[in-house]
Amino acid sequence: MPPRVRIAPSPTGDPHVGTAYIALFNYAFAKKHGGTFILRIEDTDQQRSTQSSEAAIFDALRWLGLDWDEGPDVGGDRGPYRQSERTAIYREHVQTLLNNGTAYRCFCTSERLAAMRAEQEANKQNPGYDGHCRGIDPADAASRAEGGEAHVIRLRVPEEGETVIVDELRGDIHFSNAEVDDQVLLKSDGFPTYHLANVVDDHLMGITHVIRGEDWITSGPKHVLLYRGFGWEPPLFFHMGLLRNADKSKLSKRKNPVSIDHYRSLGYLPTTFLNFLATMGFSMGEDQERFTLEEMVQAFDWSHVKTGGPVFDGVKLDAFCGDDIRAMDPQALKDALVKHAFEGRLETLVDLSRERINRLDDFLPYISFFFGGEVDYSSVIGKMVPKKRDKKETIKVLKAYLEGIERSEAARAFTVEGLGEFSKEFAAAQGWKPKELYPLLRAAATGRTASPSLFDTLAALGKDRVRLRLRSAIEALRRLAD
């Protein structure tokens, strides 16, 4: 039977390069064997999921050429392909687990759970639910639920023995059941957690091979127990190595730009970027690093897949892209340059610069900071620390701003209005005046003391580029002599 595989991102932020990496291997495996590649949107986190993030995922994967056969926007006979549209399915299936004892209702309040976690932490115990509600008679639990008492539904993990995941890349992985938490399956609002929805969807969508990152290995025993509880045959599992920073830590936006859109906005070629991702987990043999998606599909075999945590090497990516640019036809390169630099944003750049240039020839130098990654701080570093502040305070406030734009609802979309609202509130919370904070942000984000309106500038630069530059500014300040 031809394989059916899926990629299942959550629309809660910018499209992640890790999503593209896992999507690539699912795609290549499916196409090699005449199978089906499915895109499923896991949007059960209703507070953080957005339509704009979903659209960005579609756009980013299509930019890379990883088109799907079934999904929310193309249809298919196993939908719906958004989890938020499948809640009735999950409630129906969780009842099966309640009926056969694989799951139970838990009525613990948030206060009790907080006290439990605090006690476990104080006693240096592994965190996890203590089974307080496991012994409630199912009929009594059902009666309390029917009476409107708030509750969640948890997986009843066996208290003894072990659960084994058969990993096709790593071999058998054994977990002691005593170390596996009684996972919440259905939240009190009626929405499923990832674990329930994932297993139900994979089964009903006919997924034959689950190809995902190694960070899901620890969830594996819960998924195996759920398959067992439903009486279903689990798919084959393949856990890929996670993309890593140079220090071997997990690739994350706290240390590196991780949005596909960031690399697209810097002008990397999609075919080059896909080739670069492929080399981190796949070997064509004979030290061949340059190959197309079609060549990878033709050569795909799991014996060529590496499970070690590959390092996301920006120097290598630049070298790949430089080679491919130099190999381009001159007219194709000219068209690509014009499209990258100005298509869709020329009007914005003109609007932001027209009041500040005196000759047409001033335009390109003036807007140069809107392009590229890091900037030169040599002309502004001595002016970045506000009067009456010191270097330590300045670094601290930049780090706090970086963390704040991730948490703030107003800043998350990175609009002019949202950034203005967040920055004003942030300055007040930090005890800084806007006239101290705003010039610092401008210098850190642009490498200049003068630019168009600060929030217009930040929005036009984009979140990933701003994050990169604020981190660079922090490092520049650290090197600054006291």
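Two strands pair if DSSP finds at least two bridges between them. Strands (E, at least two residues) and helices (H or I, at least four) are DSSP runs, numbered from the N terminus. With that in hand, look at the open sheet of 3 strands in this predicted model: its order is 3-4-7, and the pairing is antiparallel. Strand 3 and strand 7 are the edge strands, since each pairs on one side only. From one strand to the next, the twist averages 45 degrees (axes are lines fitted to C-alpha atoms, for helices over the stretch in contact, and angles run from 0 to 180 degrees between N-to-C directions).

Now zoom in on the pairs. Strand 3 and strand 4 share 4 bridges, and Tyr104 stands opposite Arg154 in strand 4. Strand 4 and strand 7 pair over 2 bridges. Here Ile153 faces Leu186 of strand 7, while Arg154 has Val184 as its bridge partner in strand 7. Strand 4 is covered on both faces: Val152 and Arg154 on one side, and Ile153 and Leu155 on the other, are all buried. Buried means under 20% relative accessible area, exposed means over 50%, and partly exposed is in between (1.4 Å probe, protein chains only).

## How the model is read

Residues are numbered from 1 along each chain as its sequence is written, and side-chain values use heavy atoms, with hydrogens and water left out. In this predicted model, local features need pLDDT of at least 70 and side-chain atom pairs count only at pLDDT 80 or more, whereas totals for chains, interfaces and linings use all residues.

Helix 3 runs over residues 87-100, and its 14 residues should span 20 Å at 1.5 Å a residue (the expected span is 1.5 Å times one less than the number of residues). The end C-alpha atoms are 21 Å apart, which agrees. The buried residues of helix 3 are Thr87, Tyr90, His93, Val94, Leu97 and Leu98. They cover an arc of only 155 degrees around the axis, so they sit on the same side of helix 3; the arc is that of the directions from the helix axis to the C-beta atoms.

On the other side of helix 3, Ala88, Glu92 and Asn99 are exposed. What covers the buried residues includes strand 3, strand 4, strand 7, helix 6 and helix 7, where contact means heavy atoms within 4.5 Å. Just after helix 3, Gly101 takes a positive phi of about 85 degrees.

## Salt bridges

Side chains of opposite charge can pair when their charged atoms come close. A salt bridge is a side-chain nitrogen of Lys or Arg within 4 Å of a carboxyl oxygen of Asp or Glu, and the whole structure holds 29 of them. Some link up into a network, which joins Arg6, Arg40, Glu42, Arg86, Asp201 and Asp202.

Where does the pair of Glu214 and Arg244 sit in the chain? Their side chains meet in a salt bridge (3.2 Å, N to O). Glu214 lies in the loop between strand 8 and helix 7, and Arg244 in the loop between strand 9 and helix 8, so the pair ties together parts that are 30 residues apart in sequence. Both Glu214 and Arg244 are buried. Arg412 and Glu409 form another salt bridge (2.9 Å, N to O); both lie in helix 16, 3 residues apart, about one turn of the helix. Arg412 is partly exposed at 25% relative accessibility, and Glu409 is exposed at 56%.
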